[in-house]
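Subject: Structure handover and notes

Dear colleague,

Here is the structure that I promised to pass on to you.

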Amino acid sequence: MNNSFELQKSSQAEGQPALLQQEPRTVFAPFTDIIESNDHYTLRVDMPGAGENDVDVTLENDILTIRGQVHPDSYPNGRLVHRGYEIGDYRRVFTLSAEVDREKIEAKVKDGVLELTLPKAEAAKARKIAVKAA
Amino acid sequence: MLALDVINEIDRLHHEVNNLFSSSSASMSTSMAPAVNVWFTEDSLTMSAELPGIDTNKLDISVKGNQLTIRGERPQPELKEGDTWLRQECEFGPFVKNVALPYRVQADYVQAKYSKGILTITLPRAEEERPKKIAVKAM
């Protein structure tokens, strides 16, 4: 989970283990699957630790920005003895093509996964063309 | 030169500690083994893993002696006719994580929570293995 890497300071709550206080906040580019269907695109973005209130999806001109914030409810008691993975926020940016109908984009978050449905604008939908005998 | 030696030593120690927590089944199967973070107190051990989108019905957590095993699956997304992958980065399928614990735990009191794609397991240390304070009396 280290595609892009920016360090940001964050304010940490009281009472956390000393090891985790005042750590600069890492930002990851979340893994994303993109599937194209006949009449829409589906984006599946893995952001474990982010719930629906922690996820922000913004579209400005053609730029789609996805952000996820991770606020652990409480740091577990005790001292961290093994760090298998780093905890941080998420951010990824995509450029949309003209095919996407911007008004009808839908976003759902479940179990740390953001699912975005981007319907294609009418003109871009795949059309079957009837083939007639000449 | 000296600084590099110190870094190598720390690295080696780091790897040894990591080996305690790496999956022993990774070499035997092609399933994933999620990375975990581990916290210790005197009385318990807490472990967290990032497991977005898993099927909680298929999640199996078992403790035997001082070995913890987590099994589960992230279901493959179904592609309908006419669908194509444009980008594939997420991991799907079954996963197994075996963790050798540093002490025996009370299996009946193990707690697990799955929220926002993060699995958190708390394992209380077995009574007989907790450090006991020894009172020192004045002579």
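Read along the sequence, chain A runs β-β-β-β-β-β-β-β-β-β, that is, ten strands and zero helices, where helices (H or I, at least four residues) and strands (E, at least two) are DSSP runs numbered from the N terminus. Please keep in mind that this is a predicted model, in which local features need pLDDT of at least 70 and side-chain atom pairs count only at pLDDT 80 or more, while totals for chains, interfaces and linings use all residues. Residues are numbered from 1 along each chain as its sequence is written, chains are lettered from A and ligands numbered from 1 in the order in which they are written, and side-chain values use heavy atoms, with hydrogens and water left out.

Of the 134 residues in chain A, 39% are buried, the term standing for under 20% relative accessible area, with exposed meaning over 50% and partly exposed what lies in between (1.4 Å probe, protein chains only). The accessible surface of chain A comes to about 8,100 Å², with 47% of it belonging to carbon and sulfur atoms; these areas come from the Shrake-Rupley method with a 1.4 Å probe, and for residues only the protein chains shown count as cover. Among the contacts (heavy atoms within 4.5 Å) in chain A between residues at least 6 apart in sequence, 55% join residues at least 24 apart.

Chain B has one helix and eight strands, arranged along the sequence as α-β-β-β-β-β-β-β-β. Of the contacts in chain B with a separation of 6 or more, 56% are between residues 24 or more positions apart.

Which strands make up the open sheet of five? The order is β7(A)-β1(B)-β2(B)-β8(B)-β7(B), with antiparallel pairing, and two strands are taken to pair if DSSP finds at least two bridges between them. At the edges stand β7 (79–83) of chain A and β7 (111–115) of chain B, each pairing on one side only, and neighbouring strands of this sheet are turned against each other by 20 degrees on average, direction ignored. Such angles rest on axes that are lines fitted to C-alpha atoms, for helices over the stretch in contact, and run from 0 to 180 degrees between N-to-C directions. Between β7(A) and strand β1 (residues 36–40) of chain B there are four bridges in the antiparallel sense, and Leu80(A) has Trp39(B) in β1(B) as its bridge partner.

An open sheet of three strands has the order β3-β4-β6 in chain B, again with antiparallel pairing. Its edges are β3 (60–64) and β6 of chain B, and because each has a single partner strand, one side of each is left without a neighbour in the sheet. β3(B) is joined to the antiparallel strand β4 (residues 67–74) of chain B by five bridges, with Ser62(B) having Thr69(B) as its bridge partner in β4(B).

Turning to side chains, the structure holds two aromatic pairs over all chains, where rings of Phe, Tyr and Trp (its six-membered ring) pair if their centres lie within 6.5 Å, and planes under 30 degrees apart count as stacked, over 60 as edge-to-face and the rest as tilted. The rings of Phe28(A) and Tyr90(A) have their centres 6.5 Å apart and their planes at 45 degrees, so this pair is tilted. Phe28(A) lies in strand β2 (residues 25–28) and Tyr90(A) in strand β8 (residues 89–95) of chain A, so the pair ties together parts that are 62 residues apart in sequence; both Phe28(A) and Tyr90(A) are buried. Phe40(B) and Tyr103(B) form a tilted aromatic pair, with 6.3 Å centre to centre and 35 degrees between the planes. Phe40(B) counts as buried at 17% relative accessibility, and Tyr103(B) counts as buried at 6%.

Finally, Asn61(A) has a positive phi of about 55 degrees although it is not a glycine; Asn61(A) lies in the loop between β5 (55–60) and β6 (63–68) of chain A and is exposed, with a relative accessible area of 67%.
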